[in-house]
Amino acid sequence: MVLHFNWHNLNCLYSFFLITGLNEKWFPYFFWFVRNIWSTIILYGMGLIPKIEYQEPFEKGKSYMLVANHKSMIDVFLMLKVSPTPFIFVGKKELLKLPIFGFFYKKFAIMVNRDSAESRKAVYGHAERRLSQGLGIC
């Protein structure tokens with residue numbers, strides 16, 4: 001079997017991310033896609049089939065704070081699968097340097113410079129604003 005890379009599909013994906021990144025109100029559409037499509041492809045493609053057991057269900061309309069130990073990149077995809085309600089990541093500012101990913105990361109995450117007390121403090125204001133929009137924080 002030969003797999004051919006289709007640039008058209010990749011351009012459609014980037015266009016979707018770009019459009020949903022233009023307005024914070026469109027974030028739930030982005031979240032739905034990365035939760036239901038992207039993370040599923042990544043996890044199942046790696047042979048990981050998550051089995052999620054909730055002690056208490058997520059309540060619709062409530063914001064949650066999710067915390068992972070972040071021992072690997074798998075945590076990112078598992079957090080997406082765990083939460084049916086949209087949330088935004090808090091992550092290190094150094095990831096902005098990554099080509100393409102950094103551009104979208106800036107749109108869909110709260111960045112923190114871990115070496116700066118001022119930056120760490122500013123995260124609370126950004127998180128409060130996003131929580132008031134009905135999003136959770138991870």
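Reply: Two strands pair if DSSP finds at least two bridges between them. Strands are DSSP runs (E, at least two residues) and helices are runs too (H or I, at least four), numbered from the N terminus. This is a predicted model, in which local features need pLDDT of at least 70, side-chain atom pairs count only at pLDDT 80 or more, and totals for chains, interfaces and linings use all residues. Residues are numbered from 1 along each chain as its sequence is written, and side-chain values use heavy atoms, without hydrogens and water.

The part to look at is the sheet. β1 and β2 are paired in the parallel sense, over 4 bridges. Within that pairing, Met 111 of β2 is the residue that stands opposite Gly 91. β1, made of residues 87-92, also pairs with β3 in the parallel sense, here over 2 bridges. Phe 87 has Gly 136 of β3 as its bridge partner, and Ile 88 has Ile 137 of β3.

Put together, the 3 strands form an open sheet with parallel pairing, in the order β2-β1-β3. β2 (109-112) and β3 (136-137) are at the edges with a single partner strand each, so one side of each has no neighbour in the sheet. Helix α5, residues 117-132, packs on this sheet and touches β1, β2 and β3; contact here means heavy atoms within 4.5 Å. The direction of α5 makes about 165 degrees with that of β2, where axes are lines fitted to C-alpha atoms, for helices over the stretch in contact, and angles between N-to-C directions run from 0 to 180 degrees.
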